[in-house]
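Biologist: I am new to reading structures. Could you walk me through this one, a feature at a time?

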Amino acid sequence: MDYNWDWGVFLRATGIGDEIYLDWFVAGLGWTVAVALAGWIVALLLGSLLGVLRTLPNRWLSGLATAYVELFRNVPLLVQLFIWYFLVPDLLPEPLELWFKQDLSPATSAYLSVVVCLGLFTAARVCEQVRTGIQALPGGQTAAALALGLRTGQIYRQVLLPQAFRIIIPPLTSEFLNIFKNSSVASLIGLMELLAQTKQTAEFSAHLFEAFTLATLIYFTLNMSLMLVMRRIEKKVAVPGLIAGGK
Amino acid sequence: MDFSSIPAALPALWEGMQTTLLLLVLGVLGGVLLGTLLAMLRLSHNPLLAGIAATYVNYFRSIPLLLVITWFYFAVPFVLRWITGEDTPVGAFASCLVAFVMFEAAYFCEIVRAGIQSIPRGQMSAAQALGMTYGQSMRLIILPQAFRKMTPLLLQQSIILFQDTSLVYSVGLMDFLNAARSRGDIVGQPHEFLLVAGLVYFIVSFAASQLVKRLQKRLTP
């Protein structure tokens with residue numbers, strides 16, 4: 001194979017400022033983490049709210065949450081991203097539109113779009129997990145809480161949600177990992193996250209295989225370490241008495 | 001919003017959709033085939049084979065699909081030249097297909113593995129008591145039952161793949177999304193074409209997932 005392997009390429013100067021290629025990867029990883037974490041906060045908050053709505057007896061509210069889930073689950077992520085980035089700003093009131101298009105730096109406006117996009121996209125999935133978690137609890141829990149005189153809000157806050165969240169940590173973990181992987185679509189609207197930096201390195205240095213191997217390793221390590229952390233948390237908060245609880 | 005130029009663009013959109021569907025069908029077929037092979041390796045008693053398959057699955061499940069698509073787009077021509085020793089032009093379609101098959105196989109493997117494991121052990125013992133070899137009992141007894149159980153999950157994964165095919169936009173393959181985007185740019189109505197594309201994806205995925213739900217109900221008494 002007439003390919004010139006050179007793993008030292010990452011320490012070489014990029015020719016732009018006094019950066020080396022490794023700096024690009026570090027900056028890219030920073031954006032990836034920033035997108036994923038911010039998106040996750042949106043997803044967790046909105047997804048929990050929607051999940052609760054789906055379990056309410058009120059038909060309108062649960063129907064609304066169901067419609068949300070179906071809409072956001074059946075449109076490809078990339079299409080959603082393009083809608084948030086290219087279409088929605090044009091529909092905003094003029095001062096907001098000008099702010100988004102002119103005042104914000106390109107990186108900031110791309111960042112905002114992708115965070116909103118991933119947050120709302122992942123919220124639909126979180127919603128389903130929260131709903132499953134609530135519905136998995138024995139009906140006696142709600143009945144007992146009602147008998148104690150708790151109101152609906154209190155029942156969710158103090159009885160159902162604390163247990164539901166502990167049950168659904170494993171599926172939530174995989175959604176949490178997914179949001180890191182999904183954040184790579186940001187490269188298609190010009191945000192210089194990990195994948196975009198990898199492509200740029202591959203093009204600038206002509207060391208395609210090294211660049212993509214490093215990116216793969218970074219994603220792999222990130223994934224594995226997050227998974228280990230989540231397993232720890234899962235063990236720590238397991239509900240005693242359930243099969244998953246162990247004792 | 002002005003949707004008047006959509007009808008004239010329908011042939012171009014349909015052409016894009018055909019690329020999307022071809023990618024989907026070939027991707028699912030290849031993915032299920034490779035995934036089944038991986039699942040059988042993972043379940044084999046040979047620790048080396050099981051380890052290789054497990055590593056493959058964990059590896060592909062921890063990296064983004066978009067990374068795989070991008071990488072293969074650049075790498076497949078390189079690797080081919082290395083193998084065949086001559087320049088063979090590879091289109092975006094072929095490299096995307098290879099990416100989808102290899103990536104989806106990791107996900108299909110887990111579905112197939114769970115399906116095989118859900119078959120009672122007695123089935124395997126009975127098959128072997130009848131004198132069947134391991135391969136025969138897998139092919140004739142275990143897999144047919146497992147696949148019937150897995151059908152809803154396999155279809156669900158295929159719906160996800162249908163949506164994920166839109167990622168080939170990144171390497172410029174003219175799939176449905178790309179066709180809609182470029183038509184929209186040509187006629188100066190990018191927003192309308194984007195919305196129509198989203199609507200079509202929604203209708204197809206929504207209808208398909210409703211059908212799968214119904215099938216699931218029928219298969220689980």
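Biologist: Which residues does L11(A) touch?

Modeller: Leaving aside residues up to four places away in sequence, L11(A) touches I20(A) and L22(A). For a view along the chain, take V239(A): it is 228 residues apart from L11(A), and their C-alpha atoms are separated by 48 Å.

Biologist: Now the two chains. How many residues of each are in contact?

Modeller: Here 30 residues of chain A are in contact with 28 residues of chain B. On the chain A side, the elements that give two or more residues are α3 (77-91), α8 (169-182), α9 (194-205) and α10 (208-237). The largest share, nine residues, comes from α10(A).

Biologist: What classes of residue does that side of chain A have?

Modeller: The side of chain A that touches chain B has 21 nonpolar, five polar and four charged residues.

Biologist: And how do I read the confidence scores?

Modeller: Where pLDDT is low, the predicted coordinates should not be read in detail. In this model, chain B averages a pLDDT of 92, and 100% of its residues score at least 70. For the complex, the predictor gives an ipTM of 0.90 and a pTM of 0.91.

Note on methods
Residues are numbered from 1 along each chain as its sequence is written. Chains are lettered from A and ligands numbered from 1 in the order in which they are written. This is a predicted model: local features need pLDDT of at least 70, side-chain atom pairs count only at pLDDT 80 or more; totals for chains, interfaces and linings use all residues. Two residues are in contact if their C-beta atoms, placed from the backbone, lie within 7 Å. Helices (H or I, at least four residues) and strands (E, at least two) are DSSP runs, numbered from the N terminus. Ala, Val, Leu, Ile, Met, Phe, Trp, Tyr, Cys and Pro count as nonpolar, Asp, Glu, Lys and Arg as charged, and the others, Gly among them, as polar. pLDDT is the predictor's confidence in each residue, from 0 to 100.
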